[in-house]
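Dear colleague,

I am handing over the structure below, and I would be grateful if you could look through it before reading on.

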Amino acid sequence: MLEIGTGFVSLSCGGSAGFVDSHNITWVSDDSYVTVGNTSTIDFAEGGSSSSQLPLRFFPNSPGRKCYRLPLKNLSSSVLVRTRFVYKNYDGLAKPPAFSVSLGTAISTTTINLTNSDPWTEEFIWTQNKEILPLCLQPIPNSGFPVISTLEVRPLPQGAYKTGFRDFPNKFLRKSYRINCGYNNGSLRYPLDPYDRIWDADQDFSPFRISTGFKIQSTFNLSSLKEIPPASVLQTARVLTRKDVLTYNLPLHTPGDYYIILYFAGILPVFPSFDVLINGDIVQQNFTVKRSEVSALFITRKGIKSLNITIMNISFCSQINAIEVYEIVDIPPESSSTTVSALQVIQQSTGLDLGWQDDPCSPTPWDHVGCEGNFVTSLELSDITLRSIGPTFSDLLDLTTLDLHNTSLAGEIQNVGSLQHLEKLNLSFNQLTSFGLDLEDLISLQILDLQNNNLQGIVPDSLGELKELHLLNLENNKLQGTLPQALNRESLEVRMSGNLCLSFSLLTCNGVSSNPSIETPEVTVFTKKKHKFHKHLAIVLGAIGGALLTLFIISLSVFLYIRRNKSEAITYKARAETGVRSWSAAKFFSSKEIKAATNNFKEVIGRGSFGSVYLGKLPDGKLVAVKVRFDKTQLGADSFINEMNAKVCDFGLSKQVTQADATHVTTVVKGTAGYLDPEYYSSQQLTEKSDVYSFGVVLLELICGREPLSRSGTPDSFNLVLWAKPYLQAGAFEIVDESVKGTFDVESMRKAAFIASRCVERDGSRRPAIAEVLGELKEAYCIQLSYLASSGHVS
């Protein structure tokens with residue numbers, strides 16, 4: 001049995017202060033559960049009580065979803081969610097709104113129309129495992145602003161409301177009726193029902209043939225029923241004494257599938273037997289109620305428009321104690337974890353709050369996102385500062401349309417090669433300079449718009465291999481030379497005006513050759529050398545007791561490692577020589593040797609930030625990976641060498657700028673997704689606070705025992721920073737790594753968690769200096785040592 005009131009969430013929507021009601025339930029403001037909407041109050045009296053100021057929250061027209069985010073972590077597998085909507089002309093317009101409600105990815109089939117009923121109560125039973133449950137109000141065009149007064153979450157008994165429901169996966173329940181049969185003195189709820197279900201009086205439903213209501217005090221064994229109906233409900237019943245038939249005619253607001261539970265309790269000194277019919281069909285013959293026992297019938301009906309529950313007497317006094325009726329509502333499948341994670345990283349890279357939370361497709365698509373079912377098929381992020389197509393774009397595998405026009409893209413086109421379903425790609429009005437190699441893989445591409453960029457050189461032959469392409473817009477670039485003849489076909493429109501000299505003709509113009517030579521890229525091949533750093537570090541750490549000690553030492557080690565790397569910014573030549581010595585087995589090859597080894601760069605086996613990787617075979621038969629650098633600037637060379645080095649320091653800022661004046665800013669964001677400073681995406685500037693952010697992510701990894709980007713679990717937990725930060729700021733340490741629970745001092749963990757949360761603030765100016773981080777970790781370390789000493793773990 002659930003402890004009374006445990007896990008209750010009772011929100012006064014629009015309220016500013018908490019209070020305890022007449023049922024001894026504690027209510028709090030909804031401010032911590034919703035980030036949008038305006039508040040108001042209205043004079044409202046109910047049930048004969050005196051008028052009082054009732055707070056409410058309303059949602060004017062604005063971009064994004066209008067959602068509450070309800071925490072379900074550590075609650076039972078089934079929860080009751082109850083919402084109450086009150087208008088009462090709070091705005092003086094006398095125009096009650098109409099809107100719908102969604103739970104998770106599902107929209108309820110019923111429209112909330114406060115013209116028909118004001119107040120209006122909706123109640124749902126959610127039976128799916130989920131850490132955060134979004135409840136959203138969906139406006140209807142020209143129907144006013146959605147408004148809400150209260151929102152409640154009540155944990156239900158473990159496994160409740162699933163019996164007989166196995167044929168309906170991925171569903172939730174919307175309450176139609178909950179009847180306390182034979183009871184006519186108002187509704188019954190908490191504390192008589194410890195789960196705070198509201199049982200309505202029988203008289204409100206006027207059974208077709210009235211029978212006697214009985215109330216008899218009895219003790220029941222409820223172990224057989226996971227729903228655990230309250231004893232006070234089971235002690236009343238509608239009993240057939242002079243009639244043979246009892247019928248409940250229950251109107252249904254929406255035709256559909258329904259879940260029906262009929263409760264029977266042996267409160268009489270006899271064993272009544274009867275048949276049970278639903279809409280005239282017998283669902284149970286010769287059903288018998290035994291003395292002092294509780295039983296139930298769980299019934300599902302598909303595609304019904306009305307509900308008729310009939311009990312036909314066989315022997316003694318047939319009875320029914322309670323009825324629950326629920327509409328079965330579909331839960332659309334969620335988008336893939338990979339897609340959600342990628343979009344969250346992209347939102348971070350914009351430096352904007354796009355309102356992208358929970359699932360991108362359901363209940364309604366995010367702004368800038370288009371969907372087919374649970375697949376994200378279009379993304380339009382025009383007119384914002386994006387600067388580069390980051391690596392996470394390549395995870396949006398279902399895209400058919402990508403529009404990134406006027407987003408300050410620069411450099412080469414990259415990270416789109418995996419988008420095999422892409423049909424429309426708009427990269428116009430940017431500062432792109434190079435085609436890159438990814439376009440050749442877009443086998444489904446139909447429209448490619450590259451107008452008004454700074455594309456230079458010739459148009460690559462590979463574009464001619466895109467057989468589905470029917471519009472190629474190259475206008476207003478700096479292209480020259482002859483277009484590939486494969487593009488000269490009737491099914492394809494090529495727009496080329498506004499370039500230096502671009503045509504299908506073999507002629508030259510202005511003295512410029514139509515086929516300028518392509519320089520052979522500089523290539524270096526390196527054999528791998530195993531690194532034992534991680535193994536040695538793990539052995540050392542395994543010998544050290546205490547979770548916070550480990551946390552501190554790892555954190556300090558990573559920080560000192562980064563600082564050491566930064567202090568070694570020397571000229572490219574000296575640094576390259578140092579790098580070659582560290583590889584020990586490096587050997588340089590001529591362009592001719594490389595071409596022969598790779599069969600003229602035939603097979604691409606990967607792409608990095610600064611070049612493509614080709615499969616090669618040396619004369620001695622050894623297989624090698626050959627990386628061809630695109631960028632010949634010192635920055636490109638330095639970054640190329642850096643990308644070949646060990647990835648120990650690569651948590652976001654490992655691609656370092658080493659020019660003497662340190663004034664050059666790369667136009668392409670480089671680094672590992674999940675560790676990158678969001679400000680770096682938009683500003684391209686590496687600062688000490690960028691290191692602080694990346695270091696904060698490492699701290700969160702150590703505290704929570706998980707990677708910064710996860711492709712498993714629920715969408716709420718894909719991004720470590722977005723998932724962990726609210727918990728740690730609230731002191732909710734249940735997300736701490738299971739392996740260290742019970743081994744740390746709470747105050748020590750609080751300090752470490754607090755400084756980690758500050759490190760990953762979106763605004764860099766709000767992040768602490770690294771010296772302050774070090775000081776806080778030292779304090780946490782000292783507290784942890786004291787704790788270990790006092791508990792006898794260390795002397």
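A disulfide is counted here as a pair of cysteine sulfur atoms within 2.5 Å. This is a predicted model, in which local features need pLDDT of at least 70 and side-chain atom pairs count only at pLDDT 80 or more, while totals for chains, interfaces and linings use all residues. Residues are numbered from 1 along each chain as its sequence is written, and side-chain values use heavy atoms, with hydrogens and water left out.

**Disulfides**

By that rule, the model holds 2 disulfides. Cysteine 361 and cysteine 371 form one of them, with their sulfur atoms 2.1 Å apart, and the link is left-handed, with -85° about the S-S bond. This pair joins distant parts of the chain, since cysteine 361 lies in the loop between α2 (337-350) and β25 (369-372) and cysteine 371 in strand β25, 10 residues apart; helices (H or I, at least four residues) and strands (E, at least two) are DSSP runs, numbered from the N terminus.

For accessibility, buried means under 20% relative accessible area, exposed over 50%, and partly exposed in between, with a 1.4 Å probe and protein chains only. Cysteine 361 has a relative accessible area of 5%, so it is buried, whereas cysteine 371, at 23%, counts as partly exposed.

Cysteine 67 and cysteine 136 also form a disulfide, with their sulfur atoms 1.9 Å apart. Cysteine 67 sits in strand β6 (residues 67-71) and cysteine 136 in strand β12 (residues 132-139), 69 residues apart, so that this pair too links distant parts of the chain. The torsion about the S-S bond is about 100°, and the disulfide of cysteine 67 and cysteine 136 is therefore right-handed. Both cysteine 67 and cysteine 136 are buried.

**A helix pair**

Helix α9 (residues 688-704) packs with helix α11 (residues 746-759) at an angle of about 140°, their axes being 8 Å apart; axes are lines fitted to C-alpha atoms, for helices over the stretch in contact, and angles run from 0 to 180 degrees between N-to-C directions. That makes α9 oblique to α11, because angles under 35 degrees count as roughly parallel, over 145 as roughly antiparallel, 65 to 115 as roughly perpendicular and the rest as oblique. The contact (heavy atoms within 4.5 Å) involves residues including Val692 and Leu699 of α9 and Met749 and Cys759 of α11. Cysteine 759 has a relative accessible area of 0% and is buried.
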